[in-house]
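Me: I'd like to learn how to read a protein model like this one. Can you take me through it feature by feature?

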Amino acid sequence: MKNFILKAAKGTVFWLSAVFFLFLTVVSLIATTYFNRHEFYRELPLFRSDNILIHLIFLILILSALCFLNAKGILERIPLKILAAAAAIFVTALSILWVNVSFTYPDADQQSVSLIATQLTQGDFRHFEPEKYMQVYPNQLGIVAILEALYHITGGENQDAFRYLTAVANGAVVYLLYKVTDKLFHSKKADVLVLIGAAGCVQMVFYTTFLYGIMLGLAFALGAFYFLLVYLEKNRLGYAVLSGILIGISILVKNNYSIFLVAMIIVLLYKALEKKNLKAVLAALILIAATSILSQALTAFYEHRSGVPLGSGMPKTLWVAMGMQEGEREAGWYNEFNFNTFLETGCDIEESNEIAMESIRQSLQTFLEDPAYALDFYYRKTVSQWNDPTYAAFWVNKGHIGDYSQIVESIYDGKLYVILEEYMNLFQTLVFVSFLFCLISRRKKWTMEQLFIPLVLLGGFFFHIIWEAKSQYIFPYFVSMLPIAAMGLAEAVETLERIRQRRSLKKNAEEQ
């Protein structure tokens, strides 16, 4: 029975991941989701056909170059520690440069959390009052706390302090991707390729100016997973505690990283059953406890300071209902339904929940009566998020004004924009194809800890199928694909090398 459960668990993750990435790969080869840069304010995802021949030529060129480097032994001779330091420093430096030349300013939620943090440094808690921002969005407390701390340290609303922190987080993400890849696969080629790939993931640089904690949260989440792998290797609960603290901080920064926590718990429970080791169950409980304690402690701290209890915010059903609706953007994208409904009811949770449930019932009825429409709706919802190669990296910089250079102007609205967008498009296809190849080529070798990343991606897919859609939310998942994509490229290069050697041996035998 135990073996059946273990095999079924791994098989489910593997096959669902394979189907999902086959879908993503095919779609990325033939189509692209994009935003009209002249109408960024609308945040309207659009769809266009792709030239599959260009994608195939790009893939062939990359593989040819890697095969050449492999045949010359260059990939194996690259000093990993130097490359890791160089890649992390390069991304951090480029991120800092972008902060200083982009002249961006925050708007919408970024502007709100920054303003609230500034007011908190002055002892002003007006946004904690009923029907105000923090009562509607208590999930933003973590990012507000970080901004307040930075503003206290640097004196005033110094938004660049957070941006520089994000730049450091970008470098940390690059380094942690390498450490995770090394722990998972023990392949020097994969280590080299993940560092090159991470350094080439230019979307990270553009996200540096975004006051929303996406990259900062990802750095903590990847750190948490790395120390989980160390725990599984050394079986010392201290590493589980450290992992729990890091994932707890990650979730405080951005709630979506709860998906990483769930995947980590699943891996631990799997290992507990596989090894008959109750210590792994204890490790899972430590992760849950650390996350809960950090969250409750931060909430209690601000409730004590403000003298106002923080509620649970708008019901989660409002987000689910909105995720099942059409809107002026795309299927399931933000259309103000959740926010307007909550305010119109006077922030009454029960009444808002009833309205949300009625909307969900109506949407389900529509989908049941018209399955073709339902399929089209969720196709559009999926590709509008996962097949945007920029992952809104340009969109998050839409608020910019100042005396920026011609190069920056070209990035915003010129030839460099077009070049970078197409580069991201090709890079995305390379990642999808490599990820899919890795899944298939290693189909009989996967361990559950190696399937952690596919498990996270599946969690992200199913979550955003029912939640609000936004390609911005998918970017951390894309970055998380890089370790397996790197291993897939390494496997492809080794496979081609074996084919070349067999042909060479066959030719020599025939000549003799």
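Reply: Let's start with surface. Accessible areas come from the Shrake-Rupley method with a 1.4 Å probe, and for residues only the protein chains shown count as cover. Here the accessible surface of the protein comes to about 22,600 Å², and 63% of that belongs to carbon and sulfur atoms. Two ground rules before we go on. This is a predicted model, where local features need pLDDT of at least 70, side-chain atom pairs count only at pLDDT 80 or more, and totals for chains, interfaces and linings use all residues. Residues are numbered from 1 along each chain as its sequence is written, and side-chain values use heavy atoms, with hydrogens and water left out.

Me: What does the radius of gyration come to, and how does the protein fit the rule for a compact globule?

Reply: The radius is taken over C-alpha atoms, and the globule rule is 2.2 Å times the number of residues to the power 0.38. With 512 residues, that rule puts a compact globule near 24 Å, and the protein agrees, because its own value is 24 Å. Along the principal axes, the C-alpha trace spans about 90 × 60 × 55 Å.

Me: How many helices and strands are in the secondary structure?

Reply: Helices (H or I, at least four residues) and strands (E, at least two) are DSSP runs, numbered from the N terminus. The protein has 23 helices and 2 strands.

Me: What share of the residues counts as buried?

Reply: Buried means under 20% relative accessible area, exposed over 50%, and partly exposed in between (1.4 Å probe, protein chains only). Of the 512 residues, 54% count as buried.

Me: And contacts: what part of them do residues 24 or more positions apart account for?

Reply: A contact means heavy atoms within 4.5 Å. Taking contacts with a separation of 6 or more, residues 24 or more positions apart account for 79% of them.

Me: Show me some residues. Where is Leu 482, and what is it in contact with?

Reply: Leu 482 sits in helix 23 (residues 482-511) and is buried, with a relative accessible area of 4%. Leaving aside neighbours within four places in sequence, Leu 482 is in contact with Leu 177, Val 194, Gly 197, Ala 198, Phe 427 and Val 431. As for His 400, Leu 482 is 82 residues from it in sequence and 30 Å from it in space, C-alpha to C-alpha.

Me: Gly 197 was on that list. Is Gly 197 buried or exposed?

Reply: Buried: its relative accessibility is 14%. Gly 197 is found in helix 9 and touches Phe 427 and Leu 482, not counting residues up to four places away in sequence. Gly 197 and Ala 486 are 289 residues apart along the chain, yet their C-alpha atoms are separated by 7.5 Å.

Me: What about a loop residue? Which residues does Asn 387 touch?

Reply: Asn 387 lies in the loop between helix 18 and helix 19 (406-413), and at 3% relative accessibility it counts as buried. Beyond residues up to four places away in sequence, Asn 387 touches Val 27, Ser 28, Ala 31, Thr 32, Thr 33, Thr 382, Gln 428 and Phe 432.

Me: Now charges. How many salt bridges are there?

Reply: Side chains of opposite charge can pair when their charged atoms come close. A salt bridge is a side-chain nitrogen of Lys or Arg within 4 Å of a carboxyl oxygen of Asp or Glu. By this rule the count is 20. One of them joins Glu 76 and Lys 189, whose closest N and O atoms are 3.0 Å apart. Glu 76 lies in helix 3 (residues 74-77) and Lys 189 in helix 9 (residues 188-199), so this pair ties together parts 113 residues apart in sequence. Glu 76 is partly exposed at 38%, whereas Lys 189 is buried at 10%.

Me: Where do Arg 380 and Glu 330 lie?

Reply: Arg 380 and Glu 330 meet in a salt bridge (2.7 Å, N to O). Arg 380 is in helix 18 (residues 371-386), and Glu 330 is in the loop between helix 15 (316-322) and helix 16 (337-344), 50 residues apart. Arg 380 is buried at 15%, and Glu 330 is buried at 11%.

Me: Which helix holds both Arg 361 and Glu 358?

Reply: Helix 17 (residues 349-369), where they are 3 residues apart, about one turn of the helix. Arg 361 is partly exposed at 46%, and Glu 358 is partly exposed at 36%. There is also a network of salt bridges linking Glu 43, Glu 328, Arg 329 and Lys 470.
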